[in-house]
Amino acid sequence: MQLSVDRLSLTLAKAEEGESSLKTRVQTLNHTLSQTNYQAADLQQKLGGIESALQSSEADRRLLQEKLEQSR
């Protein structure tokens, strides 16, 4: 009987150790995911700025092209 209790205690201890390890891994993955999401949002914002700058640049180019054609 004591042998069975000892085995069950050992099995429980291993399970608790595994659970603790998995909890740590989940926390690490959640942190990594949060960082990735933050970086993605930051890049999306930067992309929006670049797209706006490109549109403005294209409008300026068209305006200058029209003025050049008119001056000929």
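Here are my entries, from overall form down to single contacts.

**Ground rules.** I am working with a predicted model, where local features need pLDDT of at least 70 and side-chain atom pairs count only at pLDDT 80 or more, while totals for chains, interfaces and linings use all residues. I number residues from 1 along each chain as its sequence is written, and side-chain values use heavy atoms, with hydrogens and water left out.

**Fold.** I looked up the elements and got 1 helix and 0 strands. Both are DSSP runs numbered from the N terminus: helices are H or I with at least four residues, strands are E with at least two. Helix 1 covers residues 2-71.

**Form.** The C-alpha trace spans about 105 × 10 × 5 Å along its principal axes. I then checked the radius of gyration: it is 31 Å, whereas a compact globule of 72 residues would have one near 11 Å. That radius is taken over C-alpha atoms, and the globule rule is 2.2 Å times the number of residues to the power 0.38.

**Burial.** How many of the 72 residues count as buried? I got 0%. Buried means under 20% relative accessible area, exposed over 50%, and partly exposed in between (1.4 Å probe, protein chains only).

**Salt bridges.** My search of the whole structure turned up 2; each needs a side-chain nitrogen of Lys or Arg within 4 Å of a carboxyl oxygen of Asp or Glu.

- Glu19 and Lys23 pair up at 3.5 Å, N to O. They sit 4 residues apart in helix 1, so about one helical turn separates them. Glu19 is partly exposed, at 43% relative accessibility.
- Lys46 and Asp42 pair up at 3.3 Å, N to O. Both lie in helix 1, 4 residues apart, about one turn of the helix. Asp42 is partly exposed, with 26% relative accessible area.
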